[in-house]
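Trainee: I've got a new model open and I'd like to work through it with you. Can we go step by step?

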Amino acid sequence: MNTQIWKHQWKWVEEIWPNQEYGWKDGIYEPRKPVYRETETDSSRYLEGREEGMEIRSRVFTETEETGFGIYCYEDTAGLYIPCETKNAVITAVFVNPTEEPYEAYIRAGKILKADHIRVMPGEEKEVSFMVCPIKEWVFVKFCVHSDAVLESQAVMKSLYLKKVDLEYAEKKEKRTKPVIYLASDSTVQTYEPIFYPQTGWGEVFCRFFGTLTEERPCDSCSYPQARTYETDRVIVENRSIGGRSSRSFYEEGKWDEILEQICPGDYVFIQWGHNDNTAVRPNRYVPAAAFEPWLRLYVDGTRQRGGICVLVTPVARYHFEKKADGSVRFLSDFEGYRQVMIKVAEEENLPLIDLTKRSLALCDRAGEEGAAAFFLRLEPGETDGHYRDGVTDSTHLQRYGALKFAQCVAQGILDSGQEALKRLQSFVVLDETTRVPDQEIRKAKRETSLVPTQFTYSELQAAAGQATFLITFAGVDGAVGYRLYEKTEVGDRLIKRIGEQEKESLDARAMAVPSGKTYTYYMTAVFPDGTESKKSREISIEA
């Protein structure tokens, strides 16, 4: 038969995941590393030409590292290496099934899942199309069969059958009359549901500085509900930011591709990463500052290739300061390594840069310890209804006042820029007495001393591959040297985590991972120098 069902310059490449040394080392998780080799259909264990089409075999298993936060899907198979231009294209694959049993396939372009749950019945021919957004001059497409294996020893070889693969470039996009501003970032920029008020990302209120808001709506062609569109009489702001993501995970989950699919020449893309890249305890999103530049350039290059204007925004400040001898405070840059990479790339590529780190730190320094507390999600019990009615002590996330102040910093940064690329956008910014955010009167918080942990709550609940992950936060107790987290079970209360006072002060939240599909109930206690424990905190129940 003729097994040339694709263009002659395309190549089959095997991707193999050997069981080399991997795991946690010095606080960093190293997953398996793939081996690639070019192959031919008559010499590969993963390919076989048949009368009906190419048989592609895959051996798939999903490993979860011990904390539950690193989930990795490994696929031993052969995929198509397709040289192409760096512009959007539609790939069409035609599946067939010459067997007597159905199979369920999926397709990845690199690590990005492009099509899922493709069920092909015996005797059926099924066509599947999807868009790829190359940033390099090639794409690597894998066609695999679903597997429930969670250990390498459970994985077995499974087959699917491919009749044809085509690639066709998408139509060239035209410049819009009304420019779109895309925001790609994390929970400090994200839009929140009303139940979380006053928690607000600065992207949620950014439209305030671009004229009159005419409509708010969900983003079109977006896979997650947190993304919101804000249309004003001057621009459209697409806030694609979502909590818990980093430059790596936002890309690998396909969220960056969703933006690349829609960018038109002349659109603006604001990129702020660093907060979650810095989280080594969350392996799927961790990017050390030394490895940040290649990930950042995926956003820079992808935007430019489609005629967009990439604007780098350094990480917004946290409520973290050091006290001087005179009692005043100086707020600290917690993500300086990432900031420096952004400054370097902006200089090398002549990109607009808004140094939000510098601007937000200066704002916090002027406000002082008590004044800056009003920027962040630090609430006493009863200050608000909804999710935070029992109070919260959070040094990273923002409440509405802080989000407005920091969004104003970004708007001012646009106006202050000498970059030619921002000249047009500057004409749309409205920063006058009608839009400027007035300073609130600084009030000293009246915090009552508590002998038990308070403001105990959770956030960022997610479930995938049978695991649920979430973060827990709480306010500490004066004089405590540590804390204990307990789970209530049918056979009694179980101590599941010890938290030192130093850890409590350095981190806003503790990462948790549990098997999904059940409800968990937790409470906390404080531990004092003499070894005694406080009474129980309030209980929280989590439907994982």
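Mentor: Buried means under 20% relative accessible area, exposed over 50%, and partly exposed in between, with a 1.4 Å probe and protein chains only. This is a predicted model, where local features need pLDDT of at least 70 and side-chain atom pairs count only at pLDDT 80 or more, while totals for chains, interfaces and linings use all residues. Residues are numbered from 1 along each chain as its sequence is written, and side-chain values use heavy atoms, with hydrogens and water left out.

Trainee: Which residues touch the most other members of the largest nonpolar core?

Mentor: In general, nonpolar side chains tend to be buried together in soluble globular proteins. Here the largest nonpolar core has 48 residues, and those that touch the most other members are Ile181, Trp202, Phe206, Phe210, Phe270 and Phe406.

Trainee: Which element gives the largest share of this core?

Mentor: Helices (H or I, at least four residues) and strands (E, at least two) are DSSP runs, numbered from the N terminus. The elements giving two or more residues to this core are β14 (180-184), β18 (268-271), β19 (309-313), β21 (329-331), α5 and α6. The largest share, nine residues, comes from α6.

Trainee: What does Phe206 contact, leaving aside its neighbours within four places in sequence?

Mentor: Contact means heavy atoms within 4.5 Å. With those neighbours set aside, the partners of Phe206 are Ile181, Leu183, Val237, Phe270, Ala407, Val410, Ala411 and Ile414.

Trainee: How many residues are in the second, separate core?

Mentor: Among its members are Met54, Ala93, Val96 and Val165. The count for this second core is 35 residues.

Trainee: Is Val96 buried or exposed?

Mentor: Val96 sits in strand β8 (residues 89-96). Apart from neighbours within four places in sequence, Val96 is in contact with Glu52, Tyr103, Val120, Glu124, Glu125, Tyr161 and Lys163. Its relative accessibility is 9%, so Val96 counts as buried.

Trainee: Now the helices. At what angle do α5 and α6 pack?

Mentor: Axes are lines fitted to C-alpha atoms, for helices over the stretch in contact, and angles run from 0 to 180 degrees between N-to-C directions. Helix α5 (residues 356-373) and helix α6 (residues 400-416) have axes 10 Å apart, and their packing angle is about 130°.

Trainee: Why is α5 called oblique to α6?

Mentor: Angles under 35 degrees count as roughly parallel, over 145 as roughly antiparallel, 65 to 115 as roughly perpendicular and the rest as oblique. The angle between these two helices is about 130°. That makes α5, relative to α6, oblique.

Trainee: How many nonpolar, polar and charged residues make up the contact of α5 with α6?

Mentor: From α5 the contact includes Leu356 and Leu363, and from α6 it includes Phe406 and Val410. Ala, Val, Leu, Ile, Met, Phe, Trp, Tyr, Cys and Pro count as nonpolar, Asp, Glu, Lys and Arg as charged, and the others, Gly among them, as polar. By class, the contact of α5 with α6 has six nonpolar, three polar and three charged residues.

Trainee: What about α3 and α4: how do their residues in contact divide by class?

Mentor: The axes of helix α3 (residues 292-305) and helix α4 (residues 336-349) come within 10 Å and cross at roughly 40°, which makes α3 oblique to α4. Contact residues include Phe292 and Leu296 of α3, plus Tyr338 and Val341 of α4. The contact of α3 with α4 divides into seven nonpolar, no polar and six charged.

Trainee: Is Phe209 buried or exposed?

Mentor: Phe209 is in the loop between β14 and β15 (213-218). Not counting residues up to four places away in sequence, Phe209 touches several others, including Leu404, Phe428 and Val437. With a relative accessible area of 0%, Phe209 is buried.

Trainee: Which peptide bond is cis?

Mentor: Look in the loop between β14 and β15, where Pro198 lies. Omega is near 10° for the cis bond from Tyr197 to Pro198.

Trainee: Last one: is Asn350 buried or exposed?

Mentor: Asn350 is in the loop between α4 and β22 (353-354). Although it is not a glycine, Asn350 has a positive phi of about 55°. At 56% relative accessibility, Asn350 counts as exposed.

Methods: A nonpolar core is a set of buried Ala, Val, Leu, Ile, Met, Phe, Trp, Tyr and Cys residues joined through side-chain atoms within 4.5 Å.
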